[in-house]
Each structure stands twice: as structure tokens, then as C-alpha cells.
Amino acid sequence: MEAVTALEVPSGSTLKVKETHTADAEGPPASSRQESSSPIPQLLPRIEEHPKIWLPRTLRQTYIRKVGDTVNLLIPFQGKPKPRATWTHDGCALDTSRVSVRNGEQDSILFIREAQRADSGRYQLSVQLGELEATATIDILVIERPGPPQSIKLVDVWGSNATLEWTPPQDTGNTALLGYTLQKADTKSGLWFTVLERYHRTSFTVSNLIVGNSYAFRVFAENQCGLSETAPITADLAHIQKAATVCKIEGFVQRDFSEAPKFTQPLADCTTVTGYDTQLFCSVRASPKPKIIWLKNKMDIQGNPKYRALSHLGICSLEIRKPGPFDGGIYTCKAVNPLGEASVDCRVDVKAPH
């Protein structure tokens with residue numbers, strides 16, 4: 001008489017094995033007895049499709065996000081039957097309080113709601129099917145604006161020149177610096193003008209300063225996210241002294257100081273980011289005082305609430321409030337008085353934030 005027992009195998013199927021009782025009249029053949037004493041074979045699932053990961057092209061280089069951004073990566077894979085997908089971060093298990101994973105039949109999703117700098121690192125996806133395994137590596141870098149340079153110092157002043165030195169920021173925002181932006185402001189107007197941008201050294205000599213003026217300087221650090229939110233300012237002012245002259249008084253002659261407008265500092269081309277206020281500066285000399293007109297792509301923008309125009313002591317400025325993609329173009333500042341007119345142009349490019 002024969003009985004049947006059932007053995008569960010990993011695939012979920014059932015293996016049936018025959019057994020013969022000792023009360024049977026005839027004993028089993030020798031070969032059958034040998035087989036019954038050997039271990040019961042395990043039926044492994046048949047691998048119909050080897051595991052493989054399809055890594056998107058955009059993830060084959062470092063994936064960069066800003067602090068606070070969402071990370072949502074969908075990685076397709078193949079394998080039949082369904083393979084086991086696991087993630088690691090820098091060789092360790094994921095922090096499930098910050099990172100969540102959803103594994104589907106043919107893909108795996110890695111999700112971080114608000115990325116922080118600690119989420120940077122090397123993430124590895126492993127897809128296993130029996131003894132077969134496929135892996136893919138993704139480098140994620142979470143960055144933010146850099147901190148300001150630690151200090152700036154006025155080293156020397158001679159003639160119309162001033163030498164400055166500063167120290168790099170303690171925090172670069174988790175990415176390389178693109179350089180420094182140096183600005184100057186004279187005490188008469190108090191307006192800041194950019195002297196240089198994306199400068200890589202930590203010292204610079206500013207030249208062509210106006211005799212008789214006193215200047216303060218400040219420096220920003222810049223990386224892929226933009227400029228540092230603050231900037232150190234020199235504790236000492238650079239006083240540009242007038243050369244000592246011997247005045248010989250002669251008969252007074254009335255002089256006509258009338259002059260047609262002439263721009264002494266032109267507008268500078270600039271690139272700004274959508275939503276960040278931008279200012280354009282230039283300076284003009286004229287007598288009598290000229291009328292200042294601002295144009296965008298040759299169209300008068302006077303009275304447009306999008307712009308704020310100021311003119312003081314020959315320094316003209318235009319503030320573009322929260323520029324959008326359509327605020328880029330050619331901006332013109334025109335100065336007009338009874339003796340003539342003059343104008344300067346610059347190009348403004350507005351880019352979307354990274």
C-alpha cells in the first residue's frame with residue numbers, strides 16, 4: 001500500500017514524494033531504498049529572464065538637487081520570476097524615516113520628500129534572482145547657497161587704487177565655488193556697484209576710483225545655487241585723496257559749465273534668475289541736469305510698475321522687480337538735456353533656477 005506526502009518548495013509549488021510501508025508483501029528494489037535514504041530534492045524556480053537594471057541616462061552622472069527639493073527616482077529592471085530589489089546608502093541600509101522605497105514588478109522607486117545635505121552620497125540598487133544579481137549605482141548631491149566669505153580687509157590705498165584681501169567661506173554649500181563677486185559703494189551715493197564677478201582669487205586691486213570719494217567694499221561667495229545671502233564689508237573706508245596742488249590765483253574768468261549728456265560709466269550686461277530682483281546701474285555727466293528715460297527693446301517703460309527708476313548725483317539705476325522669462329532683452333538708458341542726448345545699452349538674460 002502506498003501513501004503520498006507533500007513538500008513545499010520556494011516557488012510555492014508542491015512536490016509529491018511516494019513512500020512504501022514495511023507491511024507490504026514485497027520490499028522495494030535496492031535502487032528505490034537507496035533513493036529513499038538520500039535527501040529529498042528541492043525544486044528551485046526556473047529562471048526565465050536574468051535580472052538586469054535599466055539606469056536612465058540622466059542618472060549615470062551625479063544627480064544634483066537643492067536643499068528642500070524632492071527626490072523621486074524610478075529605476076526600471078527586468079527579471080522573471082520577480083527578483084528581490086534592495087537599496088543601500090553608502091553601503092548601509094536606508095534611513096526609512098527619511099527615505100522610502102516602493103518595489104514593483106518591473107521597477108523600484110526611491111523617494112525623499114525634502115532633501116537635506118545628509119542625503120548626499122552613493123545609492124546602490126541590487127536586483128537578485130537566485131544566485132544572479134544586477135547592481136546600479138547613483139551618486140546624489142544635495143547642495144545649497146554658500147556661506148559668506150569670513151572677512152574682507154582693506155590692505156592698501158594709493159593714488160586711485162585700493163587693494164583688498166578676503167578669506168574663503170567656511171561652508172561652500174556642499175559643492176565647489178564658482179568664484180567671488182566684489183562690489184564697491186561710495187559714501188556719497190551709498191549705492192553698490194559690481195566690480196567683478198566669478199573671480200577665483202582672494203585678493204584684488206580696484207582701480208580708477210574717483211578722487212575725493214571714500215569707498216566701502218563687500219564680497220559675496222557664489223556656487224551653483226547662487227550668491228551667499230550676506231557679504232562681509234570692509235571695516236575701513238578707502239579715502240581717495242586729492243593730490244596737493246599750489247593754487248595761483250589770477251583774474252576770475254566766468255566759465256560756462258554747460259555740457260551735453262555723456263555717460264561716464266556704461267550699463268553692464270548681466271544674467272539673473274527668475275524671481276530675484278535685479279538692478280542696472282550707469283552714471284552720466286551733463287549740465288543742465290538731464291532727463292533720464294529707460295527703454296526695453298526700444299520701448300519706453302516709464303511708469304511701468306514692474307520697474308523702479310532712480311537718478312541721484314548723476315548715478316542712474318533701474319530695478320527689475322521679480323523678473324520673469326519675458327523680462328530679458330536689451331535695456332537702454334537715455335539722457336536728454338537742451339544741449340543733446342546720449343544713451344547706453346546692455347543685455348539682460350533671465351534664466352530659470354536650477
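Which residue is the bridge partner of Leu295 in S24? The bridge partner of Leu295 there is Asp300. This is a predicted model, in which local features need pLDDT of at least 70, side-chain atom pairs count only at pLDDT 80 or more, and totals for chains, interfaces and linings use all residues. Residues are numbered from 1 along each chain as its sequence is written, and side-chain values use heavy atoms, with hydrogens and water left out.

- Strands (E, at least two residues) are DSSP runs, numbered from the N terminus.
- Two strands pair if DSSP finds at least two bridges between them.
- An open sheet of 5 strands runs in the order S21-S28-S27-S23-S24, and its pairing is mixed.
- Strand S21 (270-273) and strand S24 (299-300) are at the edges with a single partner strand each, so one side of each has no neighbour in the sheet.
- Strand S23 (residues 291-296) pairs with S24 in the antiparallel sense over 2 bridges.

**Sheet with S20 and S22**

- Strands of a sheet pair through backbone hydrogen bonds, either parallel or antiparallel.
- An open sheet of 4 strands has antiparallel pairing and the order S20-S22-S26-S25.
- Its edge strands are strand S20 (259-265) and S25, each of which pairs on one side only.
- From one strand to the next, the twist averages 25 degrees, where axes are lines fitted to C-alpha atoms and angles run from 0 to 180 degrees between N-to-C directions.
- S20 and strand S22 (residues 278-287) run antiparallel and are joined by 4 bridges.
- Lys262 stands opposite Arg285 in S22.

**Aromatic rings**

- Rings of Phe, Tyr and Trp (its six-membered ring) pair if their centres lie within 6.5 Å; planes under 30 degrees apart count as stacked, over 60 as edge-to-face and the rest as tilted.
- The structure holds 6 aromatic pairs.
- One of them is the stacked pair of Tyr215 and Phe217, at 6.4 Å centre to centre with 25 degrees between the planes.
- Tyr215 and Phe217 are both buried (under 20% relative accessible area, with exposed over 50% and partly exposed in between; 1.4 Å probe, protein chains only).
- Tyr307 and Tyr331 form an edge-to-face pair, because their ring centres are 6.1 Å apart and their planes are at 65 degrees.
- This pair links distant parts of the chain, 24 residues apart: Tyr307 is in strand S25 (residues 307-312) and Tyr331 in strand S27 (residues 329-337).
- Tyr307 is buried at a relative accessible area of 10%, and Tyr331 counts as buried at 0%.
- Trp166, Tyr180, Tyr199 and Phe204 form one aromatic cluster.
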